[in-house]
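Try each task before reading its solution.

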Amino acid sequence: MAPAVPLALLALVALVAPGLGVAFPGCGYPAHLWCSSWEIAVACQAESRCANLSRPAAAPVELSLYYESLCPACRDFLVRELFTTWLLLPDEALTITLVPYGNAEVGAGPTRCYRCSPRRCQPRSDRLVLQERNVSGKWHFYCQHGPEECLGNMIETCLMHEAKNFSTYFPVIFCLESGSSVTKNLEACLQVYAPQLDGGRITACVQGDTGAALMHRNAQLTQALDPPHQYVPWIVVNGKHTDELQAQAQASLLGLICRLYQ
């Protein structure tokens, strides 16, 4: 009579011998298929045994920044946190969407940074009205920091439209936002960071119907935020905005992205 085989040994053989069993309840594959794909290896908890498989790349962190071109807190976040983080991280780790539009506030004149702190620009709640109006079929925009800010928003929006590629237009926006004038330094910033772009086409966009249509789209994106934005910069990470995410992003965006990118 053959010696009895311990049940524990039989169980071990069933786990590792091809075709004899599966490793875990969530694994519906025979052992010889465990290393055929990363998904199967994870389901069967066999990642450590599959040296031939490389871990699939993590999905990039998606960040959307809703801002105003002349808001000091927006400029500070874009220049110090967002641009620096973008430079330090590989392209596959972070995707960025920029929406220059901002707070809806209209008054008798420019509202030079009422309720603006080093961390946010907030509108006066008693002066909230539509920031855009359709007059005789044309969109007109009113901005928290006056007409100059509307022009800056339009310049950056048309720049993004003409450049298409984020790595082309973001350094130019960085140059505009970190310089002495958002609205007067376009040609100089283009010469340094994107000489291949035609400044005349950007100007034509700003002065024509295309720029107004693009700004209307920015208005729609801003107004569709859930929860609705209360101030700028308004930071959305992977489709979500919370006070905690906002605070972490403004304190150390690089640290936040590195924690989320797994």
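**Exercise 1.** Which cysteine does a disulfide join to Cys175?

*Solution.* Before starting, note that this is a predicted model, in which local features need pLDDT of at least 70, side-chain atom pairs count only at pLDDT 80 or more, and totals for chains, interfaces and linings use all residues. Residues are numbered from 1 along each chain as its sequence is written, and side-chain values use heavy atoms, with hydrogens and water left out.

Step 1: take a disulfide to be a pair of cysteine sulfur atoms within 2.5 Å. Cys175 is joined to Cys189, with 2.1 Å from S to S.

Step 2: look at the handedness. The torsion about the S-S bond is -75°, and the link of Cys175 and Cys189 is left-handed.

Step 3: Cys175 sits in helix α5 and Cys189 in helix α6 (residues 186-193), so the pair links distant parts of the chain, 14 residues apart. Helices here are DSSP runs of H or I with at least four residues, and strands are runs of E with at least two, numbered from the N terminus.

Step 4: check the surroundings. Both Cys175 and Cys189 are buried, where buried means under 20% relative accessible area, exposed over 50%, and partly exposed in between (1.4 Å probe, protein chains only).

**Exercise 2.** Describe the disulfide of Cys143 and Cys150.

*Solution.* Step 1: the sulfur atoms of Cys143 and Cys150 are 2.1 Å apart.

Step 1: the torsion about their S-S bond is about 115°, so this disulfide is right-handed.

Step 2: Cys143 counts as buried at 10% relative accessibility, and Cys150 counts as buried at 15%.

Step 3: for context, the structure holds 6 disulfides. One of them is formed by Cys71 and Cys121, with sulfur atoms 2.4 Å apart.

**Exercise 3.** What surrounds Glu149?

*Solution.* Step 1: Glu149 belongs to helix α4 (residues 147-163).

Step 1: with a relative accessible area of 0%, Glu149 is buried.

Step 2: list the contacts, meaning heavy atoms within 4.5 Å. Leaving aside residues up to four places away in sequence, Glu149 touches Glu68, Ser69, Leu70, Cys71, Cys143 and Gln144.

Step 3: inspect Gln144 again. Its backbone nitrogen lies 3.4 Å from a polar atom of the Glu149 side chain.

**Exercise 4.** How many salt bridges does a search of the whole structure find?

*Solution.* Step 1: a salt bridge is a side-chain nitrogen of Lys or Arg within 4 Å of a carboxyl oxygen of Asp or Glu. The search finds 3.

Step 1: one of them joins the side chains of Glu177 and Arg75 at 3.3 Å, N to O. Glu177 is in helix α5 (residues 166-178) and Arg75 in helix α3 (residues 72-88), so the pair ties together parts that are 102 residues apart in sequence. Glu177 is buried, at 3% relative accessible area.

Step 2: Arg80 forms a salt bridge with Asp76, the closest N and O atoms being 2.6 Å apart. These two residues are 4 residues apart in helix α3, separated by about one helical turn. Arg80 is exposed at 59%, while Asp76 is partly exposed at 33%.

Step 3: the side chains of Glu162 and Arg201 meet in a salt bridge of 2.9 Å, N to O. Glu162 lies in helix α4 and Arg201 in helix α7 (residues 199-207), so this pair ties together parts that are 39 residues apart in sequence.

Technical notes:
Polar contact = N/O pair within 3.5 Å; in protein donor to acceptor, adjacent residues only side chain to side chain.
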